[in-house]
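Visitor: I have the sequence and the fold open side by side. Can you walk me through it?

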Amino acid sequence: MKKTRTQRLIITALMLAIAFAIAWICQLIPFLSLPFGGGFTIASMLPIVVVAYMFGTRWGLLTGLVYAILQMMMGHSTVSGLFMPDSDSYMILYKALLVCLIDYLIAYTALGFGGIFRGMKSKAAALCLGSIVALALRYLAHIVSGAIFYASWAEWFFGQEGLPLGQTILANFSGTSLAVLYSIVYNGLYMIPEIVITAVAAIVVARIPMIARCEVN
């Protein structure tokens with residue numbers, strides 16, 4: 001039992017390191033990041049889904065929480081800006097704390113639900129579907145945060161020249177509905193490609209001998 005726990009810790013640490021490394025490298029590539037936060041990566045969250053698949057939802061959620069903390073450390077300049085009065089992204093304390101809670105702690109911890117299909121016979125299907133659900137939950141968290149805390153950007157976003165249907169949307173939506181639509185669209189610019197990339201990568205990863213032969217526990 002002791003050996004099993006040690007192996008679990010080693011595998012989890014390795015997967016966290018891989019996830020962090022991919023996210024960090026992608027952060028250095030300018031065209032992968034959006035100007036007002038967010039950006040898609042090359043399946044950086046798949047290692048967390050794999051951990052959840054191998055060791056269960058409870059362990060996956062714990063791993064997701066650790067990854068959330070690592071993400072906050074990686075985005076320290078963005079996070080710290082929420083609390084600094086001289087920053088463009090400054091918010092009053094309770095709002096800044098809620099943004100950190102929803103956009104980081106809840107959003108990334110939700111990746112731990114990536115193992116909910118671990119009972120399926122097909123590892124490829126289990127990892128693919130788990131990836132879709134886990135990242136969709138992260139997407140939902142960002143939608144909630146964006147609609148609540150970044151609604152003031154909605155009119156500017158849809159009012160940009162050349163944005164398809166922008167003026168039509170402004171003419172038909174306002175208030176809360178506009179804020180929600182803005183958050184869905186803006187966060188979808190990076191989360192939808194992220195979901196697709198990760199789902200496809202999950203099918204490929206499931207065929208790797210180490211994953212294909214592993215027994216869930």
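Guide: A note on terms before we begin: helices here are DSSP runs of at least four residues, numbered from the N terminus. The model is a predicted one.

Visitor: Fine. Where is leucine 165 found?

Guide: Leucine 165 is in the loop that runs between H7 and helix H8 (166-172).

Visitor: Is leucine 165 buried or exposed?

Guide: Leucine 165 counts as exposed because its relative accessibility is 60% and the cut-off for exposed is over 50%. Its phi is near 65°, a positive value in a residue other than glycine.

Visitor: Where does alanine 43 sit, and what is its phi near?

Guide: Alanine 43 is in the loop between H1 and H2. Its phi is near 60°, which is positive in a residue other than glycine. Alanine 43 counts as buried, at 8% relative accessibility.

Visitor: On to H2. How many of its residues are buried?

Guide: Ten of the ten residues in H2 are buried. Among them are Leu46, Pro47, Val50, Val51 and Phe55. Just after H2 comes glycine 56, with a positive phi of about 100°.

Visitor: What does leucine 46 touch?

Guide: Leaving out residues up to four places away in sequence, leucine 46 touches Ser131, Thr198, Ala201, Ala202 and Val205.

Visitor: How many residues are in the largest nonpolar core, and which have the most contacts inside it?

Guide: The largest nonpolar core has 45 residues. Those with the most contacts inside it are Leu46, Val50, Tyr67, Tyr108, Leu111, Leu127 and Leu135.

Visitor: Which elements give two or more residues to this core?

Guide: They are helix H1 (2-27), helix H2 (46-55), helix H3 (57-74), helix H5 (93-109), H6 and helix H9 (175-205). H6 gives the most, with nine residues.

Visitor: Which residues does the second, separate core include?

Guide: That second core has seven residues, including Phe157, Phe158, Leu178 and Tyr186.

Visitor: Now the rings. How many aromatic pairs are there?

Guide: A search of the whole structure finds seven aromatic pairs. In one of them, tyrosine 67 and tyrosine 108 have ring centres 5.7 Å apart and planes at 75°, so the pair is edge-to-face.

Visitor: Which helices does that pair tie together?

Guide: Tyrosine 67 lies in helix H3 and tyrosine 108 in helix H5, so the pair ties together parts that are 41 residues apart in sequence. Tyrosine 67 and tyrosine 108 are both buried.

Visitor: And what about phenylalanine 157 and phenylalanine 158?

Guide: Their ring centres are 5.2 Å apart and their planes are at 75°, so this pair is edge-to-face. Phenylalanine 157 is buried, with a relative accessible area of 8%. Phenylalanine 158 is buried too, with a value of 2%. Phe157 and Phe158 form one aromatic cluster with Tyr182 and Tyr186.

Visitor: What lies over the face of tryptophan 59?

Guide: Arginine 8 does, at 5.0 Å from the ring centre.

Visitor: What else touches that tryptophan?

Guide: Threonine 12 touches Trp59, along with Val51, Phe55 and Thr63, not counting residues up to four places away in sequence. Threonine 12 is in helix H1. With a relative accessible area of 7%, threonine 12 is buried.

Visitor: Pockets next. What lines the second largest pocket?

Guide: The lining includes Met15, Ile18, Ile22, Ala43, Leu46, Pro47 and Val50. Val205, Ile208, Met210 and Ile211 also line that pocket. Its volume is about 160 Å³.

Visitor: Which elements give two or more residues to that lining?

Guide: H1, H2 and helix H10 (209-212) do.

Visitor: Last one. Where does alanine 151 lie?

Guide: Alanine 151 lies in the loop between helix H6 (123-149) and helix H7 (154-158). Alanine 151 is partly exposed, with a relative accessible area of 28%. Leaving aside neighbours within four places in sequence, alanine 151 is in contact with Gly146 and Ala179.

Visitor: How is alanine 151 placed relative to isoleucine 22?

Guide: Their C-alpha atoms are separated by 30 Å, and the two residues are 129 residues apart along the chain.

How values were computed. Residues numbered from 1 in each chain as written. Predicted model: local features only at pLDDT ≥ 70, side-chain atom pairs only at ≥ 80, totals over all residues. Heavy atoms only, no water. Buried < 20%, exposed > 50% of the residue type's maximum accessible area, 1.4 Å probe, protein only. Contact = heavy atoms within 4.5 Å. Core = buried A, V, L, I, M, F, W, Y, C linked by side-chain atoms within 4.5 Å. Phe/Tyr/Trp six-rings, centres within 6.5 Å; stacked < 30°, edge-to-face > 60°. Lys NZ or Arg CZ within 6 Å of the ring centre and 35° of its normal. 1 Å grid on protein atoms, 1.4 Å probe; cavity = no way out; pocket = protein on both sides within 12 Å on 5 of 7 lines; lining within 4 Å. Points joined across faces, edges and corners; volume = space filled by probe spheres on them.
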